[in-house]
Amino acid sequence: MTAKMLGRWAKWMHGRVGPGVAALAVLLSLIVPGSQARAQPAETPRERILISTGWRFTRGDPPGNTTDLRYDVRPEVVRSADGRVADAQPEEAVRVGDAGRRVLRPWILPSANRFIADPARRHVRPDGDPGSEVPYVRPEFDDSGWQRADLPHDWAIAGPFIEEGPYGGMGRLPSWGIGWYRRALDIPAGDAGKSIFLDVEGAMAYATVWLNGRLIGGWPYGYNSWRLDLTPYVRFGGRNQLVIRLDNPPESSRWYPGGGLYRDVWLVKTRPVHVAQWGGFVTTPEVSREAATVALQLAIDNDAAQEAAIEVATEIYALDADGRRTGQPVAQIAPQAARVAARGTTTIQGTARIATPRLWGPPPTQRPHLYVAVSTVRQDERIVDRYETPFGIRTLRFDADQGLFVNGERIPIRGVNNHHDLGALGAAFNRRAAERQLELLREMGANAIRMSHNPPAPALLELADRMGFLVIDEVFDVWERRKTPLDFHLVFPDWHEPDLRAMVRRDRNHPSVILWSIGNEVGEQYTGEDGAGIARRLAAIAREEDPSRLTTTAMNWARPDMPLPGTVDVIGLNYQGTGVRTLPGQFQAFHDRFPDTLIFASESASALSSRGEYLFPVPGSVSGPVRPGSGGDPRTRQVSAYELHAADFGSTPDRDFSAQDQHPFVAGEFVWTGFDYLGEPTPYYDARSAYSGIFDLAGFRKDRFYLYQARWRPDLRFAHILPHWTWPGREGEVTPVHVFSSADEAELFVNGRSQGRIRRAPFAYRFRWDYVTYEPGELRVVTWKNGQEWATATMTTAGPPTALAAEVDRRRIHADGRDLAFVTVRVTDAAGRTAPRADNAVRFTVEGPGELVATDNGDPTSFVEFASPTRPAFNGLALAIVRARPGEAGRITLRAETEGLEGASVVIETRRNAD
């Protein structure tokens, strides 16, 4: 053993047995004959380079191209699925032949081999490089006339909207079609001998990659992350031309998928011996307040042609709230030696004990503490890799009668479902935009997110870890049976295993992830034992990759006596708890059939509304479908904001709350949805975006926000009145008033006159005065809880608009070209009250080192392009999104102006990352 190895051993001994014995170990190492301490310079054996700039982009294949670049032959679309009800029964796949033409599938399939467990089922790459003759693929092609693009990039979000035709489901934006990306990579001669990888976090969809005219591989599923090995094709010391072609099918999604390289892309450089992609896996098999056992599995690849002898040591650090290491290591895993076969992989396992661990858990009663395991790989005493595996320490218990327990504390699931788009930013992932959404959800009292219905951006899970959200990580919306003609069912037979393994392997160290969901409302609910067989296979794959977590699937049709529910560990029910359409609620039936299995509402509500749109007359019921004259106006395509209407298969929050309170074994809910999203605009498919969000597409709170806040934050003192009280022309007409609060009594006053004091009845979740006559002036509500005054609120008739008011969410942002400021503009009267019906056209201008990224107003019917600097207010509000130019510190001024009113402005300071 060398002196260096003894020194590391002594360091490990210091953590185990104390400084005295460790010092003796160091002394012994110094008197070993021939030993000599040698200083080793700091090394960076692994590089991970973000390649977000310098891209060129164009739509469509080259003019006159005759080379077939399809992944596979697709069935002909004979009937659009646009406008089908969201709970329509999926259909059997349409089988097609190969049409006698060469397609790229045989060259793409080998990209999945790392995620296929059975070596006999792995794919062999055919000879040749299809597409190498296509002009866009050739290294010498001049792409200077193409559009410049920075990643993440969504090619469709700029519009224009498609106002007519069967495109509502996919958001009426041109996301389908073919797109090409090209970027030059300068890889120095000094990198020769290294392994070079391309890591893509998400590309929509059917990606095919060439380097220097050679076909490398690809990945069909647009939501998964994947890696390609570029090493055999790299010209070290020269210019390397990277080309990516995407082919996003029409009729391939029930919601807006976006298009393009819409997540980050990385170039990764390692030594031939290195930790494999997503190669660290941490579990905590024993956890108490006093100590935690941390078990680490580390997969080591050897890309070299000869066997390698290695040694691996791991140190564990606590992380602060910003993800930085704090202090000295809190534990070490003893150095381990191993041999890795040429072109092979070996897995090293080790454990460590952390005393008095800081546990990860959801606020407000717990804190989301994090750790990182830093593994150092040495070959011939030289560091060849250093790899970090972030993780958290926590316990989960799924109790069939009491619900979810995190670290021994019962945590009611107060969750939402979210699709992947970020409103006016489209599918292009932005960390700050996602963080803003989570902050708004936290304000409401939410503690959980279901990733509907696909693997999320990695950074979203990092945010969930840091902020303490519970996550259901979901992989597929369809299996073999289709919901739209060209959706994922086309590739499910080949790709379900690699896609599921890739998602679980990527995400299994995130403490926020509490369940793996293998599917959503799949058509195999209807196919009995055949469908259950697929579910068992998927659940088994998830358990092979991660034995520490349970599985679920979201079921909107399967009944307790059918085979599918028995294939997963946890029962997730979409809408069935309150009853779907004419069927009665199923909570109790499932609990009776599965008395030892936790049950939760994987989708609840699907209530519908347009922010600030109050339609009359108002029904006396608490839940009903949207119909003309009852909650909906087909002429304006708006849905009433009284929050009394839902999709035909859904219900209002009031009805869901009642079902859960009458079945206390239900662990909680994931509301459909947290935010309005592009596409799937039930009930008006000639609109652009959904109506189901608690927040509108711009992130503005609907009245429903306060209904959930009263439920999920019952100790928060507030009362929320609806509707607004500015109704010129309704004088003398019945205008019901509702109040959301966690209080148990309330009294309403109109211009000082009492409209009655109400005590909330059992299983009622709002106060309502349904026969109030409108007159201008003031509404005032006083509430009580447990006999004590709780909260008061007023609503006053607004005057004519006189000015704009602007407020920014953060006054300082980073000048990195990615950080964002969200500016809310209100149309106000002379007293500063929001004019609740104002639709003034607001013009935005930016001065200083910044730019206007997008505007919005939350109107689901608006077809104004998101990039437009002029945005009509929708019921008094508009949004502007601003970013700083990269590297330019200074002051950005955003001005908002409109005809005839006083304008407004905000100042945003920008700082370089190092400032």
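Student: Which strands does helix 4 lie across, and at what angle does it run to strand 43?

Tutor: Helix 4 (residues 431–444) lies across strand 43 (820–828) and strand 47. The angle to strand 43 is about 55°. This is a predicted model: local features need pLDDT of at least 70, side-chain atom pairs count only at pLDDT 80 or more, and totals for chains, interfaces and linings use all residues. Residues are numbered from 1 along each chain as its sequence is written, and side-chain values use heavy atoms, without hydrogens and water. Helices (H or I, at least four residues) and strands (E, at least two) are DSSP runs, numbered from the N terminus. Contact means heavy atoms within 4.5 Å.

Student: Why are helix 4 and helix 10 called oblique to each other?

Tutor: Their axes come within 8 Å and cross at roughly 55°. Axes are lines fitted to C-alpha atoms, for helices over the stretch in contact, and angles run from 0 to 180 degrees between N-to-C directions. Under 35 degrees counts as roughly parallel, over 145 as roughly antiparallel, 65 to 115 as roughly perpendicular, and the rest as oblique. The two helices are therefore oblique. Leu440, Glu443 and Met444 of helix 4 meet Phe705, Tyr708, Gln709 and Trp712 of helix 10.

Student: What makes strand 45 and strand 47 a pair?

Tutor: Pairing takes at least two bridges found by DSSP. Strand 45 and strand 47 (residues 877–884) have 6 and run antiparallel. They are a pair. Glu851 stands opposite Arg883 in strand 47.

Student: Which strands are the edges of that open sheet?

Tutor: The sheet has 4 strands in the order 41-43-47-45, paired antiparallel. Strand 41 (803–808) and strand 45 (850–856) are the edges, each pairing on one side only.

Student: How do you know that strand 27 pairs with strand 33?

Tutor: There are 3 bridges between strand 27 (residues 599–605) and strand 33 (residues 668–672).

Student: What makes the largest nonpolar core a core, and which residues have the most contacts inside it?

Tutor: A nonpolar core is a set of buried Ala, Val, Leu, Ile, Met, Phe, Trp, Tyr and Cys residues joined through side-chain atoms within 4.5 Å. Buried means under 20% relative accessible area, exposed over 50%, partly exposed in between (1.4 Å probe, protein chains only). The largest such set has 182 residues, with Trp55, Met444 and Trp479 making the most contacts inside it. Another core lies apart, with 28 residues, among them Ala338 and Val384.
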